[in-house]
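Hello,

Here is the structure I promised to pass on to you. Please open it alongside this note, and then read on for what turned up.

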Amino acid sequence: LPIYHCAQRDVFLNPVFWVGGTNILMAPDIGEILKTIDRYRANMFFAPPTVWIGILRHPDFEHYDLSCLTKCYYGASIMPVEVLKELMQRLPGCKVYNYYGQTELAPYHTILKAEDALEKLGSAGMAGLNMETRLEDAYAEPIDVPGIPGEICGKGPHAMIMYFKEPEKTEAAMRGGWFHSGDIGVLDDDRYISVVDRKKDMIKTGGENVSTREVEEAVYLDKRVEEVAVIGTPHPKWVEAVTAVVVPRKGETITEAEIIDLCKKELAGFKVPKSVVFVDALPKTPTGKILKRDMRDTYSELHSS
């Protein structure tokens, strides 16, 4: 990630310096990342899921020796379970950790330890050092029942004080002394949190809420899919239609019918995409997050006819 990103700076760059380690700075090019890890025998690497996907799909992946990696980290967005399985399979000597957080918490909130990665696939873990976490319902009441979705809230000494010169935004985000993330999560029986979706990304189709992550996980079961982003697009009948935007792996061909048939086997009917769009790449921020807002604008007229 860029050095200005708090996860890179505060969780990795500075702590490595503090213990006398070495940081290797480089341009965000997948081929150069592979070459640099091999050349300098790096033992730690942190990247958002989109970069890990790029590494796993790179044609020269097998040409480099990545056995030096002992700790692999991912964060900044949700890691697809199928990609996480592949990562652990192809880098068997690397312990994989998930860091979940926000800039406002400077930046970590929860951590999924490597020893829990297989048992808790798809989870964001539990509250990190000095952090408290909880789920809240629409009435700001805490949710303690497993499986009931709620907004993920955090509290700790490194949480922000305010948004600069934005008192109303600060008040809304810090209600009751808890930072409200805007992410929807669920607890399991062991109180591990899984992130379901961003509140603004949840799709409401025909009166039913659909988690984009759940649909994306189903699409990733097709091994010909490199990346997928699911969005809600305006629809005259359903208000919002579940729409899958898919990047096929290089040299692979997939049809809309194949994706829809796969989803019909894995999901309830109202969660199945109404349409599938194939693209060469998904729009992303400099930190690797998929720009679903831009995609909703791009495909806003998809069902207008």
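A word on naming before we start: helices (H or I, at least four residues) and strands (E, at least two) are DSSP runs, numbered from the N terminus. Please keep in mind that this is a predicted model, where local features need pLDDT of at least 70 and side-chain atom pairs count only at pLDDT 80 or more, while totals for chains, interfaces and linings use all residues. Residues are numbered from 1 along each chain as its sequence is written, and side-chain values use heavy atoms, with hydrogens and water left out.

L84 belongs to helix α4. With a relative accessible area of 1%, L84 is buried (buried means under 20% relative accessible area, exposed over 50% and partly exposed in between, with a 1.4 Å probe and protein chains only). Setting aside neighbours within four places in sequence, L84 is in contact with Y74, M79, V96, L121 and G122 (contact means heavy atoms within 4.5 Å). From L84 to E115 there are 31 residues in sequence, and the C-alpha atoms are 14 Å apart.

Next comes helix α3, residues 49-57, of which 8 out of 9 are buried. Those buried residues are P49, T50, W52, I53, G54, I55, L56 and R57. They pack against α2 (30-40), β1 (44-47), β2 (71-75), α4 (81-90) and β13 (225-235).

How does α3 pack with α4, and at what angle? The angle is about 50°, and the axes are 11 Å apart (axes are lines fitted to C-alpha atoms, for helices over the stretch in contact, and angles run from 0 to 180 degrees between N-to-C directions). That makes α3 oblique to α4 (angles under 35 degrees count as roughly parallel, over 145 as roughly antiparallel, 65 to 115 as roughly perpendicular and the rest as oblique). On the α3 side the contact is made by W52, I53, L56 and R57, and on the α4 side by V83, E86, L87 and R90. By class, this contact of α3 with α4 has 5 nonpolar, no polar and 3 charged residues (Ala, Val, Leu, Ile, Met, Phe, Trp, Tyr, Cys and Pro count as nonpolar, Asp, Glu, Lys and Arg as charged, and the others, Gly among them, as polar).

The other helix is α2, which packs with α3 at about 75°, their axes being 9 Å apart. That makes α2 roughly perpendicular to α3. Here I30, I33 and L34 of α2 meet V51, G54 and I55 of α3. This contact of α2 with α3 has 5 nonpolar, 1 polar and no charged residues.

Now to the strands. β1 and β2 pair in the parallel sense over 4 bridges (two strands pair if DSSP finds at least two bridges between them). F45 stands opposite C72 in β2, and 4 of the 5 residues of β2 are buried.

You will also find an open sheet of 5 strands in the order β7-β6-β8-β9-β10, with antiparallel pairing. β7 (142-143) and β10 stand at the edges, each with a single partner strand, so one side of each is left without a neighbour in the sheet. Strand β6 (residues 132-136) is joined to β7 by 2 bridges, and L135 has I143 as its bridge partner in β7.

Another open sheet has 3 strands in the order β13-β14-β15, and its pairing is mixed. The twist averages 25° from one strand to the next. β14 (residues 239-248) and β15 pair in the parallel sense over 4 bridges, and A244 stands opposite V276 in β15. Helix α7 (residues 256-266) lies across β13 and β15, running at about 130° to β15.

Leaving aside neighbours within four places in sequence, F278 is in contact with V246, P248, I254, T255, E256 and I259.
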